[in-house]
Amino acid sequence: MNRRHFTKICTSLIVSATTTDLIAGNEKQNYQRSLLQSGKSAPLTADSLVVGEPYIFFYPFLTTPCLLINLGNRVSSDSDNPTKNEPQWRGGVGEKNSIVAYSAICSHKMSHPAKEISFINYRHDPVSFYSQTERKTVEKSGLISCCSERSVYDPAQGARVLGGPAPHPLAAIELEYDETTKQLYATGSYGADMYDRFFDKFGFRASMEHKISDPKTLSKPRVSVQKLSDYSRQTIKC
Ligand code: FES
């Protein structure tokens, strides 16, 4: 049994036991270090990311989408939120520690951005949802919302589930920030990822969309970043 398989079994057990309390802080899965670039060639600099604008890139596989977001405010893993007991996830990066990235594969039924449509999106404006902790409908901004069945995740808290049927947080993508060049690298993934289940269910369609034969092909040393609104023809908001 390899390390990734063993870790996934452990993760599955934890998910069963604690459901929404689980945050994206479990052991890191190391993948290749990929430089995030703008479009096809130019390196992307952290200060070029517009606050509140959701961007998409594909990592750690050529077919697995991730959201890249500059939340505008510092995101730390040791603030007054459940991530404080999970030191592995280090919060935001960049000059203000405000840039985060998460897998964009919903942990409920794996809704994810496709070229035609995306039901999962980051919302800088207020989203109305039924809060699991407050037991009432609330409005909150700065959340990742999946409109398939209305799961809501908090990207400032390791993508903790705030509402809806999602059983656990989105996997967090580890970002590395080069203070000299201001460039960003993706280096791995934390938490209960959905990659294997995604390949089982959507691998064929994803291969067609990305024009590759194997959906499990790892991302390259450079990956392109673009606005989610430029990638998906329709982005659903709810
Ligand atoms: S797939 Fe996202 S809420 Fe169901």
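Predicted model: local features only at pLDDT ≥ 70, side-chain atom pairs only at ≥ 80, totals over all residues.
Local features are given where pLDDT is at least 70 and side-chain atom pairs count only at pLDDT 80 or more, while totals for chains, interfaces and linings use all residues. Residue numbers start from 1 along each chain as its sequence is written.

The protein has three helices and 16 strands; these are DSSP runs numbered from the N terminus, with helices (H or I) of at least four residues and strands (E) of at least two. Of its 238 residues, 42% are buried. A residue is buried if 20 or more other C-beta atoms lie within 10 Å of its own, exposed if 12 or fewer, and partly exposed in between, with C-beta atoms placed from the backbone. Two residues are in contact if their C-beta atoms, placed in that way, lie within 7 Å. Among contacts with a separation of 6 or more, 65% join residues 24 or more positions apart.

The largest nonpolar core holds 55 residues. Such a core is a set of buried Ala, Val, Leu, Ile, Met, Phe, Trp, Tyr and Cys residues joined through C-beta atoms within 7 Å. Among the residues with the most contacts inside this core are Leu67, Tyr102, Ile144 and Tyr153. Leaving aside residues up to four places away in sequence, isoleucine 144 touches Leu67, Tyr102, Ile120, Tyr122, Tyr153, Pro155, Ala159 and Leu170.

Four strands make an open, antiparallel sheet in the order E7-E10-E11-E12, where pairing requires that DSSP finds at least two bridges between two strands. Strand E7 (120-123) and strand E12 (160-163) are at the edges with a single partner strand each, so one side of each has no neighbour in the sheet. On average, neighbouring strands here are turned by 30 degrees against each other, direction ignored; the axes are lines fitted to C-alpha atoms, and angles in general run from 0 to 180 degrees between N-to-C directions. E11 (residues 151-154) pairs with E12 over three antiparallel bridges, and aspartate 154 has arginine 160 in E12 as its bridge partner.

Strands E13 (residues 172-177) and E14 (residues 184-190) are antiparallel and share six bridges. Tyrosine 177 stands opposite leucine 184 in E14. The two strands form a hairpin with six residues between them, and lysine 182 in the turn has a positive phi of about 65 degrees.

Asparagine 97 lies in the loop between strand E4 (65-70) and strand E5 (99-103). Asparagine 97 counts as partly exposed because it has 17 C-beta neighbours inside 10 Å. Its contacts, not counting residues up to four places away in sequence, are Arg74, Val75, Ser76, Gly91 and Gly92. The C-alpha atoms of asparagine 97 and valine 75 are separated by 5.9 Å, although the two are 22 residues apart along the chain.
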